[in-house]
Amino acid sequence: MTSADLPDAPPSHLGRLLRQVGKTIFTLLITFIGLLAVTFFISRVVPTDPVLSILGERATEAQIEATRTKLGLDRPMFTQFGIYVWDALHGDLGTSIRTKTPVLAEIARYFPATLELATLATILGTLVGVPAGVLAATKPGSIMDQVVRLVGLMGYSMPVFWLGLMGLLIFYGKLGWVGGPGRLDAAFDMMMQFQVTQYTGMVLIDTALSGNWDMFANAVSHIILPASLLGYLSMAYISRMTRSFMMNELGQEYITTARVKGMPERRVIWVHAMKNVMVPLITVVALSYSFLLEGAVLTETIFAWPGLGRYITDALLVADMPAVLGGTIVVGAVYIGINMFSDLLYRLADPRAK
Amino acid sequence: MSFLPFARKVGAASVAALLLGAAPTALFAATPADTLVIADAIDDIVSLDPAEAYEFSGLDVVNNTYDGLVEINPTTLELEPGLAESWSVSDDGLTFSFKMKSGITFSSGNPVTAEAAAKALQRAVKLNKTPAFILTQFGWSVDNVDTMITADGDTLTLKLDKPYAPTFLYNCLTAGVASIVDVDTVMQHEVDGDMGNVWLNTNSAGTGAYVLKSFKPNQGYVMDMRPGYWRGDAKMAHIFMMHVPEAATQRLQLEKGDVDLARTLTPVDLAGLAGNADVNIQQDVGGQIYYLAFNQKVEQYKNTKFLDAMRWSVDYQGMADTIMKGVVIPHQSFLPKGYLGALDDLPYSLDIEKAKSLIAESGIKDPHVTLSVRNAADRMDVAQSIQNTFGQAGITVDLEVGEGAEQLKQYRARQHDATLQTWGPDYPDPNTNSSTFAENPDNSDEAKNTGYLAWRNAYDPGALTAESQAAVLERDPAKRVEMYADLQKKSRETSPFIVIFQQARNTALRSNVKDFYTGGAVDAAAYWLVTK
């Protein structure tokens, strides 16, 4: 018998896994390079001159030329892009033109602030949004449904800038229930900078890990308002989507069957229907989370929150391209990461998804 | 599925924890007694190296961490000895000798000597960052600075290429770029021949009242006082600067007492704070002036009658009383109030009829102006007012709104028609504005004299160039004042510039905060005198 007669051996588990990992890495690489290329070339057609924006009005032509050469901006555009991608692949995202600090170090400082805020906001938004959506779906047209709709609509339509300022005015300015802008009070902020080990850059976690509960409480008082505000916005989205998914499920035959069999309504909704709602809902929550992780520029501005959105926007305004590109990579990575994570959750939620 | 009930429990617990955490915040709402907490927009900072810093916020840091040979007294705004005890000038006016004070040390502990001072000035010239021109205008260059600036014992000798007015040199030596940096310390942190430029972004190496402890761009900085400061120890142990871009937020923080000082409030916020007994508003002027500039490559802007008509078509007082209230004061000369020889009079006001008859005399039919404006709210307000009043006089104005850096590029390339701009002086000497508004040694495109505002507008000031150049050499201070007064008068009557405002500065302080000086038009903020 020759080897040609043998049936094809089924690919080993390891082989399949490796192929899948390879495919994922390849896709990631292409996505990133595409992302970089688009951002890079758009940045080059924008009329803002990064050199002028850092040197200012008084710079002489000679100083401008010298800086242009130093930053490599005098080279052909494709060469610049090639160099950038090559460095990026080696983990070097360049140095911010404006601050002269490595972009990676800056992002490591800004991203945790956004991560902390977005995570808390998503948790709050989901905890309120899902039950609200379910309640609205189970009694369509009821007062509850109207309230959820109204609250959701307000979340959609009110400018976040105004909501943020009003929130600050009422809960911080008038009532004094929450801490003000920034991540900590001045005194705690200085302690945080000079006395507390920063494991993660996330104030809540670092203060908890160091056992500094006064500081932790202060951090909570500062994050609660912006997190609630962003949570409200994602709640508006999540509750509307939950309502429509749930309405759809409740019209299915298996629900009728379950009801006919005398299953308690609670169980019908929260176990049977919810199982199926979970799958699309994961996408909704993931999308809303990744949206917040890009950084909520306006919220970060009002609350003086040193997050990624403000970082990228500030950089964009002065055409600090290494910083913009670095930020874009992080945002891209976050999107991809969350997508992969929600894929994983699908598999847990829906056994048919392989 | 057991996930949801679990999540519900965890969620309830988290919310409870968060609410509990939020409860005791009222306890924290006060700034620490030994710390001055400031809310300001500090995103203009490019560098904290004195050889490079030349933005307002960066110079505030430099002023509190470094000193120069000559200083400006923050309370009187007069010149006074800094690290130099006394000085003299040779008869030919070309050599200045500075005797250094003894016993002053840098924050590293290194003594401040004449040699250290020479190294610091040489470093600023050699680094050749943007503000270096404040020093190189005395004839110092990378090649000759080691021989032009020398030290011998306790004496520092500065040789100049021309016999400049002594006040011109002294004024320039108060600028941030002339700060005496501890070069020996800085050079230990040199990377790729940067002379420690990057290191100085997050560290300080000076003789100032404070030492920079941390700086996070667009976030804030912390400074600690340094005992034994030669002008007397700072009263506040720490300075905590918080970058708060939104003015309404600054106001809330100040009202709550979470910050002691708020420095970038809008007219609306200032009005809102007016009745608050816990807050004081301190007003003074800044050095920035607002002006309209018209490119004389466009024929109509060479017509003096038409330029004059436009001068009578601006509602100076009206804008200063309404949309720009508290932010500016009307000002019509190129030297800001507070400068040697500055003219405070306001010869122009809104007079539509006069403007109309001047336009008729000019012979220009249906004049049309394209005004470039930065996309900032206050600039847009001013531009719209101008569009309105010019319109009443019969001048059609199209607004071209764009991003600041982009418009600057266009302006420097002489591609604008008309533009609304601001100009901040670089050092507290009249030459800083006189040279740029009234001098243009070569008006050709090839000259690329972008540093001269006159050149950017293709404006040949004629005899004014020589007059301004003579004023900077005039050694009799009284005569010098006269010369600048004359220059300002001629410039505002003939140039294609219409100066409309000078920046007013408002600082809102908690009522217990005393002795905060902003430096007015000529200097940066002094934190070391503040008490609370």
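Predicted model: local features only at pLDDT ≥ 70, side-chain atom pairs only at ≥ 80, totals over all residues.
Strands here are DSSP runs of E with at least two residues, helices are runs of H or I with at least four, and both are numbered from the N terminus. Two strands pair if DSSP finds at least two bridges between them. Strand β8(B) covers residues 210–216 and β9(B) covers residues 220–225. They pair in the antiparallel sense over six bridges. Together they form a hairpin, with three residues between the two strands. In the turn, N218(B) has a positive phi of about 60°.

Chain B also holds an open sheet of four strands. Its order is β4-β5-β7-β6, with antiparallel pairing. β4 (84–89) and β6 (149–152) of chain B stand at the edges. Each has a single partner strand, so one side of each is left without a neighbour in the sheet. Neighbouring strands of this sheet are turned by 20° against each other on average, direction ignored. Such angles run from 0 to 180 degrees between N-to-C directions, and axes are lines fitted to C-alpha atoms, for helices over the stretch in contact.

β6(B) pairs with β7(B), residues 155–159, in the antiparallel sense over four bridges. D152(B) has T155(B) in β7(B) as its bridge partner. Helix α3(B), residues 114–127, packs on the sheet. This helix touches β5 (95–100), β6 and β7 of chain B. Its direction makes about 170° with that of β6(B). Contact means that the C-beta atoms of two residues, placed from the backbone, lie within 7 Å.

Now move to a loop of chain B. I323(B) sits between α11 (316–321) and β13 (328–330). It has 18 C-beta neighbours inside 10 Å, so it counts as partly exposed. A residue is buried with 20 or more other C-beta atoms within 10 Å of its own, exposed with 12 or fewer, and partly exposed in between. Leaving aside neighbours within four places in sequence, I323(B) is in contact with D381(B) and S385(B). I323(B) and P267(B) are 56 residues apart in sequence, yet 7.9 Å apart in space, C-alpha to C-alpha.

Helix α13(B), residues 377–393, contains Q384(B). With 15 C-beta neighbours inside 10 Å, Q384(B) is partly exposed. The C-alpha atoms of Q384(B) and L399(B) are separated by 8.1 Å, and the two residues are 15 apart along the chain.

Chain A brings helix packing. α7(A) and α10(A) pack at an angle of about 140°, with their axes 10 Å apart. That angle makes α7(A) oblique to α10(A). Angles under 35 degrees count as roughly parallel, over 145 as roughly antiparallel, 65 to 115 as roughly perpendicular and the rest as oblique. On the α7(A) side, the contact residues include G164(A), G167(A) and F171(A). From α10(A) come L225(A), L229(A) and L233(A).

Finally, the two chains meet. The contact takes 53 residues from chain A and 52 residues from chain B.

Note on methods. Residues numbered from 1 in each chain as written. Chains lettered and ligands numbered in written order.
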